[in-house]
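Please keep the model open as you read.

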Amino acid sequence: MSSIISAVRAGMTTIDLNSDMGEYDTPELLAREAEIMPLITSANIACGAHAGHPDLMRRTARLAARYNVAIGAHPGFPDTEDFGRRDRQISAEEVVSLVSTQLKILAGVLASEQLTLAHVKLHGALYTLAARDRAVADAVARAITSFDPHLLLFALAGSELAKRGRTAGLTVIQEAFADRAYRSDGTLVPRIQPDALLETPQQVQQQLRAILKGSITSIDGQSVPIQAATLCVHLDSPHAAEFLQLIRLEIQSAGIRIAKPVQA
């Protein structure tokens, strides 16, 4: 473990752990949500487009508040059949409307519970599109700044969205994934491809250690620099709780504090 501590990127003192939530309304996944909520520091709640509904948003938000977990919006394409993961063409104005509408929906639910929205993290195909398309990234940033310029923006580390969000004046929290494989351009391997998901503790531990050192190895063996302030573990992984326990132990052993991000 000493080699990990000595290799941790200079200046990293805290890191956030996030998970996408409020997407499933089944006993099994609601139980998993309750199991992992105490292990994370930020929850991204689906806003009713790709998944979720007001009652589920409310339930998830209450659970997050119980554990002092930051609550974020998780807007995606309105595509429940494909869970917001199908690529599509969309104009900048449609992006602004799509994101703004979903922010308003979740914010309304939170207001009824006297809770506050802290951040925004896109979902699925919208996340991927904004990561590479400047016009879409600009539109997302515009929607967020118009709604509340104090909201944090979670964005794929090194992505177009991270750059455009900063240009728009938002505080950007760069994100890495402990349970997903990467391509050599720093983007995620699409879920439809083999080996897109890391499914064993050994794989997750190796990926985490690489992230803490400041780079990851892509699926084709390339070294990709990465700087992240938040790590995502997906709720729909059957081993999510096990992965998070491992990640927490590894991070704390490296002398890094686990904490939700704050406005710069």
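## Burial and overall fold

Of the 264 residues in the chain, 55% are buried (under 20% relative accessible area, with a 1.4 Å probe and protein chains only). This is a predicted model, in which local features need pLDDT of at least 70 and side-chain atom pairs count only at pLDDT 80 or more, while totals for chains, interfaces and linings use all residues. Residues are numbered from 1 along each chain as its sequence is written, and side-chain values use heavy atoms, leaving out hydrogens and water.

You will find nine helices and 10 strands in the chain (DSSP runs numbered from the N terminus: H or I of at least four residues for helices, E of at least two for strands). Among contacts (heavy atoms within 4.5 Å) with a separation of 6 or more, 72% join residues 24 or more positions apart.

## Helix 4 with helix 6

Helix 4 (residues 92–112) packs on helix 6 (residues 134–147) at an angle of about 35 degrees, their axes 8 Å apart. Axes here are lines fitted to C-alpha atoms over the stretch in contact, and angles run from 0 to 180 degrees between N-to-C directions.

Residues including Val95, Val99 and Leu103 in helix 4 meet a set in helix 6 that includes Val136, Val140 and Phe147.

## Helix 2 with helix 9

Helix 2 (residues 27–36) and helix 9 (residues 240–253) have axes that come within 9 Å and cross at roughly 10 degrees. That makes the two helices roughly parallel (angles under 35 degrees). Here Arg32, Glu35 and Ile36 of helix 2 meet Ala240, Ala241 and Leu244 of helix 9.

Notes: Parallel < 35°, antiparallel > 145°, perpendicular 65-115°, else oblique. Buried < 20%, exposed > 50% of the residue type's maximum accessible area, 1.4 Å probe, protein only.
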